Amino acid sequence: MSIKVLVADSKQQLIALACLVAVVIVLSFMSEYFFTANNLFNIGKQASINLIIGLGMTLVIISAGIDLSVGSLLALTISIMAVLNVVHGVDIVIAGSLAIAATVFAGMINGIVIQYGKVPAFITTLGMMGVARGVVLLISRGNPSMSFPEEFLWIADGLVLGIPFPIFLSIVIAILVSLLLKYTRLGRSIYAIGGNEEAARLSGINIAYVRIATYTLSGLCCALGGIIYAARVGAAPPSAGIGYELNAIAAVIIGGTALNGGQGKVSGTVIGALLMAVIANGLNIIEVDPYWQSIVIGAIIVIAVMFSNLRK
């Protein structure tokens, strides 16, 4: 990665960070409730699911791919866990583990189809989005399960070192993904195939392994996000995760990751996820119609991509 690209990346992250600070200051004046400890923790919890899914999306986009199935894979995790635990009485730990394994497998299928089927990532993951959502509706029959055990709900409200568990988990995953990108061969290979796949192949990188691993890790992030989602709402609604692909892509692009691959940082995705959570929280506090949130997020994505193109 060139010095020029590094400087451009840092510049976009600083702009995103400045926007985050500005929005926080404005909302603090608009509502005395906004800058309270309880609300800040709520923002952190809201951001945690988008951040975890966004971290998987960061890996995918750096490798010059895209994953439109993340919202449906999140719902797949929740529905499988609910059917196993609530309907068939399987222990919640075993049910959760099997649900995570199934979602990770679905992510791996994405990578295999893209690599060996030569199907564009956009089409492959769009197809997986439909397949996974169909499986969710099939096994749930369109009805939400409402009876997760009380101890499972600790995941949403429990504290670790005084920090809400969803925030703690998202921080841990962010650190692990950052270390993976900076210090492992897999991380360097993800940047390499995103920058120039043919050059990466000629330099001896196993393209198939890297691509399949990338989408598998994205599936794992969806599964972990799904576990937190289920604990937060205490149920398994078949509509869970709708629109989350948009949120994940927005968090990544706002943070400066190039949509055509080869560059991007975890820190940028963290800033992007926090900015979106603050905006959503602020719109709720000042009682703006929730439908405006989708409009605002869509506009932010377009502006972020425009800025990304202009900086080139």
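This is a predicted model: local features need pLDDT of at least 70, side-chain atom pairs count only at pLDDT 80 or more; totals for chains, interfaces and linings use all residues.

Trainee: What classes of residue make up the contact of helix 3 with helix 5?

Mentor: The contact of helix 3 with helix 5 has 11 nonpolar residues, three polar and one charged.

Trainee: And at what angle do helix 3 and helix 5 pack?

Mentor: Helix 3 (residues 70-87) and helix 5 (residues 121-140) pack at about 25 degrees, and their axes are 8 Å apart. That angle makes helix 3 roughly parallel to helix 5, since angles under 35 degrees count as roughly parallel.

Trainee: Is the crossing of helix 3 and helix 5 left-handed or right-handed?

Mentor: The crossing of helix 3 and helix 5 is left-handed.

Trainee: Let us move to another pair. How do helix 2 and helix 7 pack?

Mentor: Helix 2 and helix 7 (residues 165-183) pack at an angle of about 25 degrees, with 8 Å between their axes. Helix 2 is therefore roughly parallel to helix 7. Their crossing is left-handed.

Trainee: Which residues make the contact between helix 2 and helix 7?

Mentor: Helix 2 contributes F41, G44, K45, S48, L51, I52, L55, L59 and I62. From helix 7 come P166, I167, L169, S170, I173, A174, V177, L180 and L181. By class, the residues of the contact of helix 2 with helix 7 divide into 14 nonpolar, three polar and one charged.

Trainee: K45 is in that list. Is K45 buried or exposed?

Mentor: K45, which is in helix 2, counts as buried, because its relative accessibility is 16% and buried means under 20%.

Trainee: What is K45 in contact with, leaving aside its neighbours within four places in sequence?

Mentor: With those neighbours left aside, K45 is in contact with A156, D157, P164, I167 and R232.

Trainee: Turning to the charged pairs, how many salt bridges does the structure hold?

Mentor: The structure holds three salt bridges. One of them is formed by D157 with K45, where the closest N and O atoms are 3.7 Å apart. D157 lies in helix 6 (residues 154-157) and K45 in helix 2 (residues 37-62), so the pair ties together parts that are 112 residues apart in sequence.

Trainee: You said K45 is buried. What about D157, buried or exposed?

Mentor: D157 counts as exposed, at 56% relative accessibility.

Trainee: Which residue does E197 meet in a salt bridge?

Mentor: The side chain of E197 meets that of R211, at 2.9 Å from N to O. Because E197 lies in helix 9 (residues 197-202) and R211 in helix 10 (residues 207-233), the pair ties together parts that are 14 residues apart in sequence.

Trainee: How accessible are E197 and R211?

Mentor: E197 counts as partly exposed at 36% relative accessibility. R211 is buried, with a relative accessible area of 12%.

Trainee: What does R201 form a salt bridge with?

Mentor: R201 forms a salt bridge with E198, and the closest N and O atoms are 2.5 Å apart. R201 and E198 are three residues apart in helix 9, which means that about one helical turn separates them. R201 counts as partly exposed at 46% relative accessibility, and E198 counts as partly exposed at 42%.

Trainee: How far apart are R201 and S189 in space?

Mentor: From C-alpha to C-alpha, R201 and S189 are 9.9 Å apart, and 12 residues separate them in sequence.

Trainee: One last topic, I15. Where is the place of I15, and how far is its C-alpha atom from that of I254?

Mentor: I15 is in helix 1 (residues 3-30). The C-alpha atoms of I15 and I254 are separated by 9.4 Å, although the two residues are 239 residues apart along the chain. I15 is partly exposed, with a relative accessible area of 35%.

Definitions and conventions. Residues are numbered from 1 along each chain as its sequence is written. Side-chain values use heavy atoms; hydrogens and water are left out. A salt bridge is a side-chain nitrogen of Lys or Arg within 4 Å of a carboxyl oxygen of Asp or Glu. Helices (H or I, at least four residues) and strands (E, at least two) are DSSP runs, numbered from the N terminus. Buried means under 20% relative accessible area, exposed over 50%, partly exposed in between (1.4 Å probe, protein chains only). Axes are lines fitted to C-alpha atoms, for helices over the stretch in contact, and angles run from 0 to 180 degrees between N-to-C directions. Angles under 35 degrees count as roughly parallel, over 145 as roughly antiparallel, 65 to 115 as roughly perpendicular and the rest as oblique. A crossing is left-handed if the near helix is turned anticlockwise from the far one by less than a right angle, and right-handed if clockwise. Contact means heavy atoms within 4.5 Å. Ala, Val, Leu, Ile, Met, Phe, Trp, Tyr, Cys and Pro count as nonpolar, Asp, Glu, Lys and Arg as charged, and the others, Gly among them, as polar.
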